[in-house]
Amino acid sequence: PDMAAEAPRRGPMLGGVELLVEFAEVAEACGRHADMLEAAIAAAMLSCGAPIPESCGKHAWERFAGSGAVLSPLSEGSVPSSRCLAVLARGTKFAVSETRAPLRMLDVLDEHEPRADLKPIAAEYRATLATQAASARKAVHDCLARTVLPALEAAADRAAADAQDGAAPAGRGPDPAAGASGAAGGPAVGDLTRGIVLVCRLLGDLERYAAEAEGGTGQRGPAAARASAASAAALSRYSKSMQVGASALPAWSPVRLATALNLSVFLFERHGDEAEAARVAREAAEAAEDSAPTAAEIEAEGGEEARAEGARLLRLLQENLAAWRRVLRVERLMV
């Protein structure tokens with residue numbers, strides 16, 4: 001589908017950041033995930049008062065926007081809206097998964113393909129995919145780690161101080177679908193905390209994918225060292241996301257449950273710590289099962305859609321936990 005055909009549906013001209021988020025959502029609908037990720041990164045950078053990275057090509061946005069678009073950074077102290085962070089999270093997932101799945105298939109072919117003449121072709125394709133994946137990971141990692149996370153943490157500190165002084169409400173901030181808000185009248189502490197938990201989880205995901213890209217646990221030399229460093233960084237990011245989420249978000253929150261799900265899978269599949277993976281999944285699932293969402297919590301988390309997403313993630317945790325318990329029982333029987 002042609003993204004230009006979607007432009008008339010947008011209504012009035014939007015501001016620069018909102019325009020980029022809108023473009024990213026249209027690109028997602030059209031299956032243009034590379035364009036989606038670039039636009040989401042650009043929107044997040046502008047939302048934090050930073051310029052658009054040179055690695056992001058602007059020509060597609062300009063065609064979508066027309067001649068009147070102004071893509072300039074917002075004021076210092078601004079942060080991305082929850083809508084912007086959500087589209088950036090989806091763009092990250094698409095950008096990584098589109099190369100991750102073929103790389104896993106190549107791993108299977110390397111193990112089972114007997115024809116030696118196909119090995120060089122597979123190796124060349126693997127190198128191309130690995131380069132694309134590394135480039136996408138670096139672009140979004142730099143955006144999140146260097147710009148978005150520091151901006152959210154600084155804004156959360158300011159909002160917490162203002163709330164203590166009685167200068168700002170401690171509840172929900174402005175409409176999360178709106179553009180980024182600056183320090184004055186900006187998002188409330190809860191909105192910023194959700195953003196921090198999400199960004200830390202995304203950084204953990206990126207580090208986890210980087211560790212996987214370096215190969216399996218049997219690797220040696222520099223590749224093994226890079227994989228080990230990436231795994232340690234992933235564990236640190238996930239742990240921070242879990243810690244911040246547990247301190248401020250309800251147990252059924254989809255943002256919090258997504259971190260527990262990804263951390264537990266990482267511990268089981270990559271870190272080789274099956275018992276700890278089961279513990280993380282069990283504690284998160286039990287806490288969510290015991291929690292009764294209040295109307296205020298549901299509104300703060302994003303409405304009934306967020307509640308449904310939390311229920312879906314809880315089911316995934318429960319399914320994983322049941323499967324892992326079977327694996328652990330079998331392993332004990334084999335000892």
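Visitor: What makes the link between the side chains of Asn-262 and Asp-205 a polar contact?
Guide: This is a predicted model, and in it the two side chains come to 3.0 Å. A polar contact needs N or O atoms within 3.5 Å, one able to donate a hydrogen and the other to accept it, so this pair qualifies.

Visitor: Which residues does Asn-262 touch, leaving aside those up to four places away in sequence?
Guide: Asn-262 touches Arg-201, Asp-205, Arg-208 and Tyr-238. Asn-262 itself sits in helix H8, which runs over residues 254–269.

Visitor: Why is Asn-262 called buried?
Guide: The relative accessible area of Asn-262 is 17%. Buried means under 20%, so Asn-262 is buried.

Visitor: How many aromatic pairs are there?
Guide: The count comes to two aromatic pairs.

Visitor: What makes the pair of Tyr-238 and Phe-266 tilted?
Guide: The ring centres are 5.7 Å apart and the planes stand at 55°. Planes under 30 degrees apart would be stacked and over 60 edge-to-face, so this pair is tilted.

Visitor: Why is that pair said to tie together parts of the chain?
Guide: Tyr-238 belongs to helix H7 (residues 222–248) and Phe-266 to helix H8, so the pair joins parts that are 28 residues apart in sequence. Tyr-238 is buried, with a relative accessible area of 0%, and Phe-266 is buried with 0% too.

Visitor: Why is the pair of Phe-268 and Trp-324 called stacked?
Guide: There are 10° between the planes, and the centres are 4.7 Å apart. Phe-268 is in helix H8 and Trp-324 in helix H11 (residues 304–334), 56 residues apart. Both Phe-268 and Trp-324 are buried.

Visitor: How many disulfides does a search of the whole structure find?
Guide: The search finds zero disulfides.

Visitor: How do you know that the span of helix H5 agrees with its number of residues?
Guide: H5 covers residues 119–165, which is 47 residues. At 1.5 Å a residue these should span 69 Å, and the end C-alpha atoms are 66 Å apart, which agrees.

Visitor: Where is the kink in H5 centred?
Guide: The kink in H5, of about 40°, is centred on Leu-144.

Visitor: What makes H2 largely enclosed by the rest of the structure?
Guide: Of the 15 residues of H2, 13 are buried, so the helix is largely enclosed. Just after H2, Gly-49 takes a positive phi of about 80°.

Visitor: Why does Asp-35 count as buried?
Guide: Asp-35, in helix H2 (residues 33–47), has a relative accessible area of 18%. The cut-off is under 20%, so Asp-35 is buried. Its side chain makes a polar contact with the side chain of Arg-32 at 2.7 Å.

Visitor: Is Leu-20 buried or exposed, and what is the value?
Guide: Leu-20, in helix H1 (residues 16–29), has 0% relative accessibility and so counts as buried. The C-alpha atoms of Leu-20 and Ala-42 are separated by 7.3 Å, although the two residues are 22 residues apart along the chain.

Visitor: What does the secondary structure come to for the protein?
Guide: It comes to 11 helices and zero strands. Of the 335 residues, 43% count as buried. Among contacts between residues at least 6 apart in sequence, 75% join residues at least 24 apart.

Note on methods. Residues are numbered from 1 along each chain as its sequence is written. This is a predicted model: local features need pLDDT of at least 70, side-chain atom pairs count only at pLDDT 80 or more; totals for chains, interfaces and linings use all residues. Side-chain values use heavy atoms; hydrogens and water are left out. Helices (H or I, at least four residues) and strands (E, at least two) are DSSP runs, numbered from the N terminus. Buried means under 20% relative accessible area, exposed over 50%, partly exposed in between (1.4 Å probe, protein chains only). Contact means heavy atoms within 4.5 Å. The expected span of a helix is 1.5 Å times one less than its number of residues. The bend at a residue is the angle between axes fitted to the seven residues ending there and the seven starting there. A disulfide is a pair of cysteine sulfur atoms within 2.5 Å. Rings of Phe, Tyr and Trp (its six-membered ring) pair if their centres lie within 6.5 Å; planes under 30 degrees apart count as stacked, over 60 as edge-to-face and the rest as tilted.
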